[in-house]
Amino acid sequence: MAAEAWVIGAGPAGLMAALELARAGHVVHIAESMPSPARKLLMAGKSGLNITKDEPLPAFLAHYGQAQDWLTPMLADFGPEAVKAWAEALGQAVYTGSSGRVFPVVHKASPLLRAWLAELEGLAVQLHRRWRWTGFDGAQLCFSTPEGDVAVTPSVVVLALGGASWSRLGSDGSWAPILAAEGVKLAPFAPSNAGLLVSWSAYMTRHFGAALKGLRLSAGGFSLRGEAVISARGLEGGGLYPLTPALREGAVLRLDLFPDLSLAALEARLERTRGDSAANRLRKAGLDAAKQALVMEVARPLPGGAAALAAVLKDLAVPHQGPRPMDEAISTAGGVTRDSVDEGLQLRARPGVFVAGEMLDWEAPTGGYLLTACLATGRHAGRAAAGYAAGPAG
């Protein structure tokens, strides 16, 4: 028997949950506070929509840190291969880049989203725009809408309201006090996939916007190859994002400026520049202007000996003031804790209400990991909610 299901939030997790509920034969409504759905997805797609990462599942799962064992069943059911198949089923051919990242051939989010919304419309899913959820009133869901306050009484609910970053796109964390009042345990929000605040001297002004390429970045025992960009407020870029959890806890950012050169080889190169000025030694060693400036900014006075200078350049410590503010981060850590939901992502404190996406307390770096987990948890919650709505006989 068809039940009335409401999904709150029209981002990737919410749309996937709605799809599963509709496929199960339920009457589905989506409430979205913004004028249009999936705004964060569209923003991400402006630079080429990275939908997943093509790598073996164990390596893929390792990027979810402490939440790995929690998310593993969901990602095993809907991982990289399934995401690629899903996009292609919507008519969006994909390809895998040299880094393993998977993109639609058109490099845009809008065609994928249009096809997805068309599929939902074909299943009679109703999308209510500018409907802001304001809380519960007993069994009712309450909304503020352009037509005034509205209350509905659904059979089942999936919450997919996002985290607490990019509030201008709809993810503002305003749902947290509502769930806390219901007895739901929440981990505090914190910035994730964020730039790093660094207090530069005036000397660095001329290098704002310059790229730092060919780095090995390390913090808190984690290390990766990547890039960063010098900005007026510090450092930006994908090379920093996987390090955000460690940097958030105060770990020092360390850069190897010569990751393809051994310490001994760099020392030999520097030995040949003995007697030159510090600036010339850095230039002759192979550092471009941006890297030279960074070294002079954070490591002066430079040691004169080749061995000591090589050690600095292979392990450059960059003082910082932590990640950028939460609303400037790509995503957030924190949210509904694992012990607040059952295996189907149903709130223990509120039966019949399921949670998906960035509302849950997990984090992952960019590179396809964020979007894949949003899709996977949305699908998982949608299927569990569909089963709940169908009742024991369903």
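**A tour of the predicted model**

Select residues 191-330: this stretch is 30% helix and 24% strand, and its end C-alpha atoms are 8 Å apart. Helices (H or I, at least four residues) and strands (E, at least two) are DSSP runs, numbered from the N terminus. The unreviewed UniProt entry annotates residues 191-330 as "domain: RsdA/BaiN/AoA(So)-like insert"; UniProt positions follow the numbering used here, feature names are shortened, and annotations may be inferred rather than shown by experiment.

The model is predicted: local features need pLDDT of at least 70 and side-chain atom pairs count only at pLDDT 80 or more, whereas totals for chains, interfaces and linings use all residues. Residues are numbered from 1 along each chain as its sequence is written, and side-chain values use heavy atoms, with hydrogens and water left out.

Next, colour by domain. The assignment gives domain 1 (4-191 + 331-390) and domain 2 (196-323); such bounds come from an automatic or database domain assignment. The C-alpha centres of domain 1 and domain 2 lie 38 Å apart. Six residues from domain 1 and six residues from domain 2 make the contact (heavy atoms within 4.5 Å).

Now select Tyr64, Gly65, Gln66, Pro245 and Glu363, which lie nearest the centre of the second largest pocket, among its 28 lining residues. A pocket is defined on a 1 Å grid over the protein atoms alone, as an open set of points where a 1.4 Å probe fits, with protein on both sides within 12 Å along at least five of seven lines; lining residues have an atom within 4 Å of a point. The volume of the second largest pocket is about 620 Å³, taken as the space filled by probe spheres set on the points, which are joined across faces, edges and corners. Domain 1 and domain 2 each contribute at least three residues to this lining. Helix H4 (68-77), strand E11 (186-192), helix H8 (244-248) and strand E18 (331-336) each supply at least two, and E11 gives the largest share, three residues.

Move to strand E7 (residues 132-137) and strand E8 (residues 140-145), which pair in the antiparallel sense over five bridges; pairing requires at least two DSSP bridges between two strands. Phe136 stands opposite Leu141 in E8. In the hairpin of E7 and E8, two residues separate the strands, and Gly138 in the turn has a positive phi of about 65°.

Finally, display the open sheet of three strands, with the order E3-E5-E4 and antiparallel pairing. Its edge strands are E3 (52-53) and E4 (94-96), each pairing on one side only. E4 and E5 (residues 101-104) pair over three bridges, and Thr96 has Val102 in E5 as its bridge partner.
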